[in-house]
Every structure is written in C-alpha cells, then in structure tokens.
Amino acid sequence: MSERNSLRYTLLGLGLIVLIGLLTYIASRTAQAPVTTSDSADHLQSLAALEGKAPSRRSLDIQTWQTAEGAKVLFVAAPELPMFDLRLTFAAGSSQDDGVPGLAALTNAMLNEGVPGKDVSAIAEGFEGLGAEFGNGAYRDMAIASLRSLSAPEQRVPALQLFEQVIGQPTFPADSLARIKNQLLAGFEYQKQNPGKLAGLQLFERLYGNHPYAHPSEGSEQSIPGISAAQLRAFHAKAYAAGNVVIALVGDLSRAEAEAMAAEVSAALPKGPALAKIDQPLEPKAGPSHIEYPSKQTHLMLAQLGVDRRDPDYAALTLGNQILGGGGFGTRLMEEVREKRGLTYGVYSTFSAMQARGPFMINLQTRAELSEGTLKLVQDILRDYLANGPTQTELDNAKREMAGSFPLSTASNAEIVGQLGAMGFYDLPLTYLEDFVGQIQALDVAQVKAAMAKHLNPDALVIVTAGPSVAQQPLPPPTAKPAEQPTGVPEH
C-alpha cells in the first residue's frame with residue numbers, strides 16, 4: 001500500500017469515528033428531549049385527524065387606536081423577521097369617481113410618479129436603494145398604498161420618509177400623466193379583442209345601472225383623455241385624507257414604534273374626514289343579452305346582486321358557494337359541466353361581498369355550438385341546488401377544505417396586513433378571523449340551504465354571452481368519461 005493510500009485510509013477511519021460519535025450524541029440528546037404532542041402548532045397536521053375542526057393557526061394579538069387626525073390603526077407585532085409591512089386602505093376606489101370614470105385609478109397610479117425634488121426614477125431608486133418595496137392599486141371600493149421595509153432604524157426611517165412624500169405630496173407631473181393615459185388607452189384597445197372582458201363590462205353595466213359600481217375601475221376611452229392634473233390633485237386632497245384611511249401595520253416593531261409610525265403617516269396626509277359610504281344598488285332587470293364576436297367559443301356570465309361585506313349570512317353563503325362552484329374540482333358545477341360532459345375547461349361561482357351589495361357570478365366558456373345547452377344546464381344546476389341544498393357529505397368536505405386553507409390567510413406578514421386592512425375598511429370586529437372559522441364549522445345543511453335560497457333567485461339572473469351565432473347542437477349525455485374533453489385553456 002502506498003504512503004498516499006495509507007494516509008487516505010487513516011483519515012477516512014478518523015472521519016468515521018467522529019461521525020459515529022456525533023450520531024451517538026444526537027441520539028442521546030433526542031432521547032432526553034421532551035416529547036411534543038401532536039397538538040403543537042409547530043407540527044404539520046393531518047386534515048383527516050381534525051374531524052371538521054380548524055387546524056392550529058397563527059394567533060393574532062390585534063391592537064387598535066386612532067391617530068390625532070382620525071385615521072384608524074390596526075397593528076400586530078411580529079418580531080420573527082426584521083421587517084415590517086405597512087398598508088394604507090383609502091375609501092378612494094372607483095365608486096368615488098363622482099361621474100369621472102377612471103379618476104380614482106389614475107390618481108392612485110400617479111402617486112409615485114413625482115414628489116417635490118424627485119421624479120419617478122429617483123423615487124424608484126430611493127426605495128430600491130433601501131431594500132424597500134412600494135405598492136399601490138385601485139379597485140371599486142378602495143385604493144391602497146403599501147410599504148415593505150427592514151425594521152432597523154437606518155432603513156426604516158428613510159423608507160418611511162420617502163413613503164410619506166409619495167402618499168402626501170404627489171406632484172402629478174404632466175409627462176407621467178400623458179404616459180399613463182396612453183397605457184390605459186392601449187389597454188382599452190386590447191379589451192376590444194377580448195370577448196370575456198367585453199361580456200364583463202356589459203354585465204356590470206346591466207347589473208348596476210346608474211350605481212357607482214357600474215363602470216370599470218380603470219375608466220373608459222371616453223373618460224380618461226379629459227382628466228386633468230387639477231382633478232387628480234382635488235381627488236387626492238379629498239380621498240387621501242387622514243380621516244378616510246385605515247392604517248394596517250405588521251412587523252418587528254414595538255407598540256411605541258408602531259404608534260410613532262402611524263402618527264407620522266397620518267400627519268403626512270391631507271387633513272379631512274371620511275367620505276360618505278355609497279348607497280345600495282337597485283335591483284336590476286333580469287334576462288339575457290348577447291355580444292356578437294367571431295370565436296370558436298362563447299363566454300357565459302350569469303349574475304345577480306349578492307351581499308355586502310357585513311351581511312350576517314356571509315359565512316353561510318361562503319360555505320354554500322364553496323360547494324356550488326367556488327372550490328374548483330369537486331364542486332357541483334365543475335362535476336356536472338366539465339367532469340361528466342367535457343363542456344368547459346373551468347366553471348366557477350363567487351360572491352364578491354363589498355361595501356355595498358357586490359355581485360354573485362357564475363363564469364365559464366364553452367364551444368359555441370353547445371352554448372345554449374350549457375347555459376340551460378348551469379341554470380338547472382343552480383335551480384336544483386337552491387331548491388334542495390347541499391348534502392351532508394358535501395358540507396363536511398367543504399368544511400374540511402376551508403379548515404385546511406384558512407390558516408394560509410395569516411401565514412405571512414403580507415397576508416396578515418391585508419386581513420387587517422380589510423377588517424378596518426369594512427368595520428369588522430377584531431375577532432373576525434376567529435369568529436368566521438367558528439361560524440363556518442357550526443353551520444348545518446339547513447342553514448346553508450336557507451341562506452343560499454334567501455339571497456339567490458334562479459329567475460332573477462342577469463345573463464351576458466359573448467361569441468358567434470351558430471347552429472346549436474344537443475349536449476352530450478353525462479358519463480364518467482366524456483367523449484370530447486374540454487378544448488384546453490380558455491382562449492382569452
């Protein structure tokens with residue numbers, strides 16, 4: 001044996017001795033460690049062992065107060081990571097456009113385009129250089145602005161100062177306004193090539209009539225060109241006021257630090273009260289309408305007014321819709337329309353509960369020559385479900401699914417800050433998350449059936465279809481293996 005090989009085997013032997021000793025030490029330490037029960041929230045849990053109960057999830061100690069300017073604050077301390085998430089939720093969505101569709105969306109999009117002494121590039125570089133992230137968006141009910149940053153003072157303080165400039169002192173520069181308008185107008189042109197989008201626009205117009213929810217959040221090609229910087233400044237001064245915002249804060253902060261941050265943010269905003277809540281919409285005229293569009297498929301949208309976010313039946317409707325069409329595969333709609341007949345790639349139903357009554361919608365697309373039969377099938381499924389309700393097995397399965405997925409709503413700081421923003425905006429109790437889980441698990445078949453039948457009427461549906469007018473064919477009979485599978489991913 002060579003000296004080199006002798007040295008190699010000697011080292012290998014020493015390594016094995018060390019490894020054996022290390023494994024023996026670990027085994028002895030493990031044997032001495034206290035036994036952790038299966039109830040620990042730190043361990044994965046089997047859904048089968050839960051027996052309908054919600055799995056352990058992150059417990060939130062939500063603290064709340066008001067700033068001197070009237071802003072509502074919700075705070076959760078989360079010291080596990082050296083960072084924080086700040087989210088401002090303003091009652092500044094398109095429902096506050098006041099006859100100028102797109103005003104809210106354009107104002108929000110322009111927040112980070114310029115502040116005194118900084119243009120859009122300098123703002124972006126400022127956040128990036130601090131390792132911070134700015135976010136914004138506008139919807140029908142609300143507009144948001146958010147900041148994520150490290151919580152150490154050397155990053156937190158300058159990131160917060162820049163954020164306060166963006167939300168409190170936007171300059172609405174002319175070149176940025178022209179650029180964003182052009183982007184919106186280009187988007188409107190693209191919408192004309194999307195039958196699903198066209199159907200959605202017409203559906204909301206028919207469903208809401210003259211109500212502020214009727215028009216799209218992004219405005220229209222008629223309204224956007226005429227919006228001026230002066231209108232944006234006026235909307236910002238009114239809708240981005242401290243009295244019109246909910247400040248949600250989650251992260252590695254003490255209560256004193258959170259109070260100081262919220263006070264700074266509130267003081268940086270225009271002074272003013274909360275805007276008046278919008279009225280409830282009137283009942284729409286039911287019935288079908290059609291958009292002629294050259295395509296191999298037809299989009300089908302069925303809707304009626306649902307509930308607002310504070311409706312006492314919200315939990316029952318959420319669970320009932322999970323069974324009807326909100327839970328993906330295994331729902332009534334997916335089973336009957338896709339799995340048994342191969343008529344669609346996907347069919348979904350949803351309640352969008354908002355500040356006023358949001359829509360209940362069923363959405364799918366199918367082959368054009370089968371569209372009329374598919375529409376009738378969907379209506380029949382809904383009618384039968386409202387008349388007879390779910391089965392006990394369907395209810396139990398839906399409860400297990402929701403119990404398994406609900407902890408994800410508080411799985412990260414970003415998820416928590418979103419929950420806090422919604423709770424503050426919709427005036428939900430601080431115990432809402434715990435209450436909702438308990439309400440879901442306590443529901444029985446009769447309660448779910450009664451809630452769905454109370455709020456939905458199969459004869460009151462607003463129906464919009466978009467596709468070609470072609471000769472219709474009868475639907476294939478239901479079978480375990482449809483002869484013709486769905487055509488694949490939807491066209492648009």
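Reply: Helices (H or I, at least four residues) and strands (E, at least two) are DSSP runs, numbered from the N terminus. This is a predicted model: local features need pLDDT of at least 70, side-chain atom pairs count only at pLDDT 80 or more, and totals for chains, interfaces and linings use all residues. Residues are numbered from 1 along each chain as its sequence is written, and side-chain values use heavy atoms, without hydrogens or water.

The largest pocket holds about 560 Å³ of space (an open set of points on a 1 Å grid over the protein atoms alone, where a 1.4 Å probe fits, with protein on both sides within 12 Å along at least five of seven lines; lining residues have an atom within 4 Å of a point; points join across faces, edges and corners, and the volume is the space filled by probe spheres set on them). Its lining has 23 residues, with Arg-309, Tyr-314, Thr-318, Tyr-432 and Phe-436 closest to the centre. At least two lining residues come from each of α9 (314-326), β11 (344-351), α12 (392-405), α13 (413-425) and α14 (432-442). Helix α9 is the top contributor, giving five.

Now to β11 and its sheet. Five strands make an open, mixed sheet, ordered β9-β13-β10-β12-β11 (strands pair if DSSP finds at least two bridges between them). β9 (287-292) and β11 are the edge strands with a single partner each, so one side of each lacks a neighbour in the sheet. Further in, β10 (residues 297-305) and β12 (residues 359-367) run antiparallel, paired over nine bridges. Leu-305, for one, has Pro-359 in β12 as its bridge partner.
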